[in-house]
Amino acid sequence: MSDDSAGSARLTREVIDLGALHAAAPRDGALCLSAGVVRNENGGRAVSHLEYEAYEDMALPLMEEIARETLERLAVTQVRLVHRLGRLDIGEASVAVAVTAPHRDAAFAACRYGIDALKSRVPIWKKEYYADGSQWLGPSPPAAPGRG
């Protein structure tokens, strides 16, 4: 799905440019943006950085499907989903959902639907790193050949 269509999805290893995610049409009166940002603490442990991995051949089509579903189910004009992969430092955006719509209620609902669907259905895994080790949060990714 291209970035200039009404619904778009992207996986990237580059910094997510939050300002570039909105493209309101003249009829739009609302832009809702949800961004997940790496924080320095989780569950009382100091976090130094995160790492995200994905099953990219499955993740991107699922993200595109979620963008289409969001457009079909809710009265919105644009849906953009972006998820970062690789190493992320504290304060960097890891995921973003941007929605434009004629009215704010639809934009808020679509933004929540998009992020909730992405987090529950797309095979993307997060590993937190601490001063004394690391751990996968949620299910860990399948072991790749040569990786233990």
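1. The strand that gives the most to the lining of the largest pocket is β9, with 4 residues. Strands here are DSSP runs of E with at least two residues, helices are runs of H or I with at least four residues, and both are numbered from the N terminus. The model is predicted, so that local features need pLDDT of at least 70 and side-chain atom pairs count only at pLDDT 80 or more, while totals for chains, interfaces and linings use all residues. Residues are numbered from 1 along each chain as its sequence is written, and side-chain values use heavy atoms, with hydrogens and water left out.

2. About 480 Å³ of space lies in this largest pocket, and of the 21 residues that line it, the closest to its centre are Y52, H83, S94, K119 and K126. A pocket is an open set of points on a 1 Å grid over the protein atoms alone, where a 1.4 Å probe fits, with protein on both sides within 12 Å along at least five of seven lines, and lining residues have an atom within 4 Å of a point. At least two lining residues come from each of β2 (30-37), β5 (49-54), β8 (93-101), α2 (104-121) and β9.

3. By residue class, the lining of the largest pocket holds 13 nonpolar, 4 polar and 4 charged residues. Here Ala, Val, Leu, Ile, Met, Phe, Trp, Tyr, Cys and Pro count as nonpolar, Asp, Glu, Lys and Arg as charged, and the others, Gly among them, as polar.

4. Strand β9 (residues 124-130) is also joined to β10 by 5 bridges, and these two strands run antiparallel; within this pairing, E128 has Q135 of β10 as its bridge partner. Two strands are said to pair if DSSP finds at least two bridges between them. Both strands belong to an open, antiparallel sheet of 4 strands in the order β7-β5-β9-β10, whose edge strands, β7 (86-89) and β10 (133-137), each pair on one side only.

5. Elsewhere, β1 and strand β6 (residues 78-84) pair in the parallel sense over 6 bridges, and L11 stands opposite H83 in β6. Strand β1 (residues 7-12) is mostly covered, since 5 of its 6 residues are buried, that is, under 20% relative accessible area with a 1.4 Å probe.

6. How many disulfides does a search of the whole structure find? There are 0, a disulfide being a pair of cysteine sulfur atoms within 2.5 Å. The sulfur of C32 is 3.7 Å from the closest cysteine sulfur, in C111, and is therefore too far for a bond. C32 is buried, with a relative accessible area of 10%, and C111 is buried at 3%.

Technical notes
Points joined across faces, edges and corners; volume = space filled by probe spheres on them. Buried < 20%, exposed > 50% of the residue type's maximum accessible area, 1.4 Å probe, protein only.
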